[in-house]
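Q: I have a protein model open next to its sequence, and I would like to learn how to read it. Could you take me through the features one at a time?

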Amino acid sequence: MADQVQYFIETQLPNHQKHYNSFTFPSVLTPNPASSPSPLSLFTKEIKSQKPFLDSLLLKAGAILFRGFPVQTAKDFNDVVEAFGFEELPYVGGAAPRTNVVGRVFTANESPPDQKIPFHHEMAQVPEFPSKLFFFCEVEPGSGGETPIVLSHIIYERMKEKYPEFVSRLEEHGLLYTRVLGEGDDPSSPIGRGWKSTFLTTDKSVAEERAAKLGMKLEWIEDGVKSIMGPIPAVKYDKSRQRKIWFNSMVAAYTGWEDARNDPVKAVTFGDGKPLPADIIYDCLKILEEECVAIPWKKGDVLLIDNWAVLHSRRPFDPPRRVLASLCK
């Protein structure tokens, strides 16, 4: 077992990690040079045999970057995701336009490269969200295109300290998310997923049933539907780590849910319908940027994120860039 444990080597990436009292964020693992070059089959075998070690590392660090492993294609990535043994989460109710590539693997947000995708927990605006996310860099960006990540409890603590009354209102009322969906997908928009692919149906009554299961109300309009979700908590309690987390898509919706159909200021409000204070939202965005880590993608990178612990975003980029994703329960 001692030999097996050494297959994964913890590596430091100067200027691309944050150091806290008992851990480094994110944790970066590379293969032991002694086992290199190693086939994909060895990587997936080691994931299975060292699952307790990887689970405990994820619990501690919140995110793990696997760099330098033999992951070349979408199918390879699918094999890596399968090796972890997490149950798949169907992508129902999410806003981003995505396409299935192979197995459990989808494209990440397909919005235009010049658009920034603001910080969010994956599917924080719906009751059933993934607990784990995988990202894989199939084609590294020409430049830019990082996926910045930030620890959610740090954001909660900073916001609570600076804006106690605002955070108390959030905890009391939660948030209301409103989004107008067209019939088909709109790839020019970061929230351009149409209602048919959002609810995986072409039948309006089935869409209404699936929306109701998510706690979402639908109001049909001439060329689409208005979805209203909430009130839904903006702060959650992470039982596994015993701490409060900033679990919402507030900044993402307020600063980024903008397209021909949607006004971001109306996209998210307090749960009682009252508007959010713009100055505090933009200061929260500043705090997110201050606390985040953005590691430039390299081809073959696999990033595992605990969605309970970490918010993520996407910076604009010069093509080419192809990052794939997989969501797990």
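What follows is a conversation that moves from the overall fold to single residues.

Q: What kind of model is this, and how are residues numbered?
A: This is a predicted model, in which local features need pLDDT of at least 70, side-chain atom pairs count only at pLDDT 80 or more, and totals for chains, interfaces and linings use all residues. Residues are numbered from 1 along each chain as its sequence is written, and side-chain values use heavy atoms, with hydrogens and water left out.

Q: How many helices and strands are there in the protein?
A: Helices (H or I, at least four residues) and strands (E, at least two) are DSSP runs, numbered from the N terminus. Here the protein has 11 helices and 21 strands.

Q: What does the radius of gyration say about the protein?
A: The radius is taken over C-alpha atoms, and the globule rule is 2.2 Å times the number of residues to the power 0.38. For 329 residues a compact globule would come out near 20 Å, and the protein has 20 Å, which agrees. Along the principal axes, its C-alpha atoms fill a box of roughly 60 × 45 × 35 Å.

Q: What share of the residues count as buried?
A: Buried means under 20% relative accessible area, exposed means over 50%, and partly exposed is in between (1.4 Å probe, protein chains only). By that rule, 57% of the 329 residues are buried.

Q: Which residues of helix H5 are buried, and what covers them?
A: Helix H5 (residues 152–162) has Ser152, His153, Ile154, Ile155, Tyr156 and Met159 buried. Their cover includes strands E11 (149–151), E16 (243–245) and E19 (310–314), along with helices H6 (164–173) and H11 (278–291).

Q: How do I read contacts in the protein that join residues at least 24 apart?
A: Contact means heavy atoms within 4.5 Å. Among contacts between residues at least 6 apart in sequence, 78% join residues at least 24 apart.

Q: What does arginine 321 touch, and is it buried or exposed?
A: Arginine 321 is in the loop between E20 and E21. It counts as buried because its relative accessibility is 16%. Leaving out residues up to four places away in sequence, arginine 321 touches Val139, Glu140, Pro141, Gly145, Glu146, Thr147, Trp297 and Arg314.

Q: Where is arginine 210, and what does it touch?
A: Arginine 210 sits in helix H8 (residues 204–213). At 34% relative accessibility, arginine 210 is partly exposed. Not counting residues up to four places away, arginine 210 touches Phe199, Leu200 and Thr201.

Q: And where is serine 188, and which residues is it in contact with?
A: Serine 188 belongs to the loop between strand E12 (175–182) and helix H7 (195–198). With 45% relative accessibility, serine 188 counts as partly exposed. Apart from neighbours within four places in sequence, serine 188 is in contact with Pro112 and Gln115.

Q: Where is methionine 123, and what is its phi?
A: Methionine 123 has a positive phi, near 55 degrees. Its place is the loop between strand E8 (117–120) and strand E9 (132–139), and methionine 123 is buried, with a relative accessible area of 3%.

Q: Is glutamine 242 buried or exposed?
A: Glutamine 242 is exposed, with a relative accessible area of 62%. Phi of glutamine 242 is near 55 degrees, a positive value, and glutamine 242 lies in the loop between strand E15 (236–238) and E16.
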